[in-house]
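Subject: Structure handover

Hello,

Here is the structure for you to take over. My notes on it follow below.

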Amino acid sequence: MTKRTQPLFLLLALITLFTACTPYKKYVTASYYQNASPQTTLAILPVRFSLSGIILDRLDEEEITQYEERESRYFQQALAARIVRKMGAGKRKINVKLQDVNVTNAKLGEAGYQIHDSYDLNPKELGEILDVDAVLLVNINSTQLFSETEASLIEAASIATEILGQGVGVSAAGIPTGSMETTASIVDTKNGELLWATNKQRWTQVRKTPDETMRQLIRIMVRNFPYRNMDYYY
């Protein structure tokens with residue numbers, strides 16, 4: 001490399017590094033830059049969690065509802081906690097006023113809406129009920145062939161077979177047990193404009209439970225999350 005090409009190479013390297021450090025920019029809209037502000041109050045709505053797959057044949061309606069509501073609350077709280085962990089004064093840190101999820105859920109309850117009811121409200125109605133500038137909407141579709149207990153039994157049986165010397169040298173740990181797909185979007189509650197959206201899918205496996213996959217999806221979502229300090233001074 002000549003001395004003349006060194007500055008150009010350095011510039012390209014810096015651009016590549018900058019792009020790699022700001023993956024969320026691929027998911028924001030033009031409206032985001034018009035509305036983004038450290039004064040934005042954002043509410044994370046209860047997650048729309050839908051369970052599907054062969055596993056439904058072994059659950060009754062009440063069990064399915066309880067499972068979906070439990071997972072909805074877990075994802076909502078875990079996502080909020082992860083966002084808070086990434087907040088700060090650094091240039092690339094998240095900077096937004098995040099409404100506590102317990103306050104969000106309480107306000108929805110006071111207005112007469114249960115978890116699943118809130119999914120059908122439009123952004124303007126949600127803004128009035130929650131007194132926020134934007135809402136984060138998350139949909140999760142979890143397609144599962146086995147329960148976590150059944151997956152554990154499959155893994156235990158595989159290990160026992162290997163110990164007894166009757167295995168074929170193939171671990172059951174990587175056997176797919178289903179998939180999880182998340183679709184997330186942030187919508188302005190005043191004008192209903194889409195500010196940010198992302199969609200990700202990951203497989204669950206015998207040794208990679210739905211809860212572990214859900215935590216992975218949360219990490220990915222927050223890595224791509226907007227409202228960064230650097231956006232307020234571009």
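Does Asp-131 count as buried or exposed? The relative accessibility of Asp-131 is 59%, so this residue counts as exposed. Please keep in mind that this is a predicted model, and that every value here was computed from it.

Backbone

Asp-131 sits in the loop between H5 and S4. Although Asp-131 is not a glycine, its phi is positive, at about 60°. Tyr-227, another residue other than glycine, also has a positive phi, near 60°. As background, most residues other than glycine have a negative phi. Tyr-227 belongs to the segment after H7. With a relative accessible area of 2%, Tyr-227 is buried, whereas Asp-131 is exposed.

Salt bridges

How many salt bridges does a search of the whole structure find? The search gives 3. In general terms, side chains of opposite charge can pair when their charged atoms come close.

One of them joins the side chains of Asp-231 and Lys-25, at 3.0 Å from N to O. Asp-231 is in the segment after H7, and Lys-25 is in the loop between helix H1 (6-21) and helix H2 (30-35), so this pair ties together parts that lie 206 residues apart in sequence. Asp-231 is buried, at a relative accessible area of 3%, while Lys-25 is partly exposed, at 30% relative accessibility.

Another salt bridge is formed by the side chains of Asp-133 and Lys-190, with an N to O distance of 2.6 Å. This pair also links distant parts of the chain, 57 residues apart. Asp-133 is in the loop between helix H5 (123-130) and strand S4 (134-144), and Lys-190 is in the loop between strand S5 (176-188) and strand S6 (194-205). Asp-133 is partly exposed, with a relative accessible area of 24%, and Lys-190 is exposed, with 60%.

The side chains of Arg-70 and Glu-71 meet in a salt bridge as well, at 3.8 Å from N to O. Arg-70 counts as partly exposed at 45% relative accessibility, but Glu-71 is buried, with a relative accessible area of 6%.

Second largest pocket

Which residues line the second largest pocket? The lining consists of Arg-82, Lys-86, Arg-92, Lys-93, Arg-219, Val-222, Arg-223 and Arg-228. By class, 7 of the lining residues are charged, 1 is nonpolar and none is polar. Helix H7 (residues 210-223) supplies the largest share of this lining, with 3 residues. The space in the second largest pocket comes to about 150 Å³.

Confidence

For the protein chain, the mean pLDDT is 81, and 74% of the residues reach 70 or more. Residues 8-20 have a pLDDT that stays under 50, and the model shows 4 contacts for them beyond four places in sequence. Residues 153-165 also have a pLDDT below 50, and this stretch has 14 contacts in the model beyond near neighbours in sequence.

Regards

Note on methods. Residues are numbered from 1 along each chain as its sequence is written. This is a predicted model: local features need pLDDT of at least 70, side-chain atom pairs count only at pLDDT 80 or more; totals for chains, interfaces and linings use all residues. Side-chain values use heavy atoms; hydrogens and water are left out. On a 1 Å grid over the protein atoms alone, a cavity is a set of points where a 1.4 Å probe fits but cannot get out, and a pocket is an open set with protein on both sides within 12 Å along at least five of seven lines; lining residues have an atom within 4 Å of a point. Grid points are joined across faces, edges and corners, and a volume is the space filled by probe spheres set on the points. Helices (H or I, at least four residues) and strands (E, at least two) are DSSP runs, numbered from the N terminus. Ala, Val, Leu, Ile, Met, Phe, Trp, Tyr, Cys and Pro count as nonpolar, Asp, Glu, Lys and Arg as charged, and the others, Gly among them, as polar. A salt bridge is a side-chain nitrogen of Lys or Arg within 4 Å of a carboxyl oxygen of Asp or Glu. Buried means under 20% relative accessible area, exposed over 50%, partly exposed in between (1.4 Å probe, protein chains only). pLDDT is the predictor's confidence in each residue, from 0 to 100. Contact means heavy atoms within 4.5 Å.
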